[in-house]
Amino acid sequence: MLDVSHVTKKYGKVVACDDMSFHLDPGSVTVLLGPNGAGKSTIMKSIIGFLRYEGEIRVGSYENKSVEARRLLGYIPEMPSLYPNLTASEHMEFIARAYRLKNYRQFADELFERFELSEKKRKFGDELSKGMQQKLNICLGLLPQPKLLLLDEPMIGLDPHAIKQLKELIENMRAEGRTLLVSTHIIDSVDMLWDRTIILQNGTVRANITRDELDADGRTLEQLFFDVTEGVERGDMAHSEDAEAQEA
């Protein structure tokens, strides 16, 4: 569903992404882990088409910046970017029109109910608390029901009820055959969700491993993360050709 091939992104002399390659299967949840500055947000923004880069990114069989790919892609950014003069309901209508959605209102109401926004429909974007803005941000990303959804630090700012609802929706989307890439640096927030994890450090892929492979290796996700990022790396760390290609 997603192929990232030899992607490099530089900001001046700083290399944010250094020859990154990985593949995501349909109907899977991949967790993108890494310390601050590892390149998580940069590769996410490259996939969604916000940044220029060297290399190739394809969504299905389409180049990621093509119209066809954009119809399949969804994105929930780390920081909400709401219009102060639109209400919560008008934000949803704006997204529906942008994606040319039909018969979306029932699903929009379901999302509002799940994230306790039903009483906030008429509130303007700048009238919502930060937590409510993040909930609306998530609803806007979920409304088009994309085939590939990127979530950048989605749990930050959410209360326990909203986290539970988001995790349930992620599991539902995976069951429906959708593909999700979740970027975070909070391991506990995604420990039970993932099928594959990709660990970044200093702009490179340091590990690319499935849950079954990690279970067979006898380590927890937390142990793997610290083994990789704190330099206790073993010869069997990379369990895929993509990861092996990225090893320093």
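Helix 6 comprises the 16 residues 160–175, which at 1.5 Å a residue should span 22 Å, and the 23 Å between its end C-alpha atoms agrees with this. The expected span is taken as 1.5 Å times one less than the number of residues, and helices (H or I, at least four residues) and strands (E, at least two) are DSSP runs numbered from the N terminus. The structure is a predicted model, in which local features need pLDDT of at least 70 and side-chain atom pairs count only at pLDDT 80 or more, while totals for chains, interfaces and linings use all residues. Residues are numbered from 1 along each chain as its sequence is written, and side-chain values use heavy atoms, with hydrogens and water left out.

The buried residues of helix 6 are Ala162, Gln165, Leu166, Leu169, Ile170 and Met173. Seen down the helix axis, these buried residues fall within an arc of 140 degrees, so they line one face of helix 6. The arc is that of the directions from the helix axis to the C-beta atoms, and burial is assigned by relative accessible area (buried under 20%, exposed over 50%, partly exposed in between; 1.4 Å probe, protein chains only). An α-helix has 3.6 residues a turn, so residues three or four places apart point the same way. On the face turned away from the buried side, helix 6 carries the exposed residues Pro160 and Ala175.

The packing partners of the buried residues of helix 6 are strand 3 (29–33), helix 4 (105–114), helix 5 (130–142), strand 7 (148–152) and strand 8 (179–184), where contact means heavy atoms within 4.5 Å. The N-terminal end of helix 6 is capped by Asp159, a side-chain oxygen of which lies 3.1 Å from the backbone nitrogen of His161. Gly177, with a positive phi near 90 degrees, follows helix 6.

Strand 8 contains Thr179, which counts as buried at 1% relative accessibility. A polar atom of the Thr179 side chain lies 3.3 Å from the backbone oxygen of Asp25. Polar contacts are pairs of N or O atoms within 3.5 Å; within protein, one must be able to donate a hydrogen and the other to accept it, and residues adjacent in sequence count only if both atoms are side-chain atoms. When residues up to four places away in sequence are not counted, Thr179 touches Met1, Leu24, Asp25, Pro26, Gly27, Ser28, Lys147, Leu148 and Leu149.

In strand 9 (residues 196–201), 6 of the 6 residues are buried, so the strand is largely enclosed by the rest of the structure. Arg196, Ile198 and Leu200 point one way from strand 9, whereas Thr197, Ile199 and Gln201 point the other way. In a regular strand the side chains alternate between the two faces of the sheet. Strand 9 pairs with strand 3 in the parallel sense over 4 bridges, two strands being paired if DSSP finds at least two bridges between them. Within this pairing, Val31 stands opposite Thr197. Strand 9 also pairs with strand 10 (residues 204–210), in the antiparallel sense and over 6 bridges, with Ile199 opposite Ala207. These two strands form a hairpin with 2 residues between them, and Asn202 in the turn has a positive phi of about 55 degrees.

A further group of 4 strands forms an open sheet in the order 2-1-4-5, with antiparallel pairing. Strand 2 (14–24) and strand 5 (62–63) are the edge strands, each pairing on one side only. Strand 1 (residues 2–11) and strand 4 (residues 54–59) are joined by 5 bridges, and Asp3 has Arg58 as its bridge partner in strand 4.

The loop between strand 5 and helix 2 (67–72) contains Ser66, which counts as buried at 15% relative accessibility. A polar atom of the Ser66 side chain lies 3.2 Å from the backbone nitrogen of Ala69. Ser66 and Thr204 are separated by 138 residues in sequence and by 26 Å in space, C-alpha to C-alpha.

Asp217 lies in helix 7 (residues 211–217) and is buried, with a relative accessible area of 17%. Its side chain makes a polar contact of 2.5 Å with the side chain of Arg219.

The structure holds 3 aromatic pairs. Phe225 and Phe226 form one that is edge-to-face, at 5.3 Å centre to centre and with 80 degrees between the planes. Rings of Phe, Tyr and Trp (its six-membered ring) pair if their centres lie within 6.5 Å, and planes under 30 degrees apart count as stacked, over 60 as edge-to-face and the rest as tilted. Phe225 counts as buried at 8% relative accessibility, whereas Phe226 is partly exposed at 35%.
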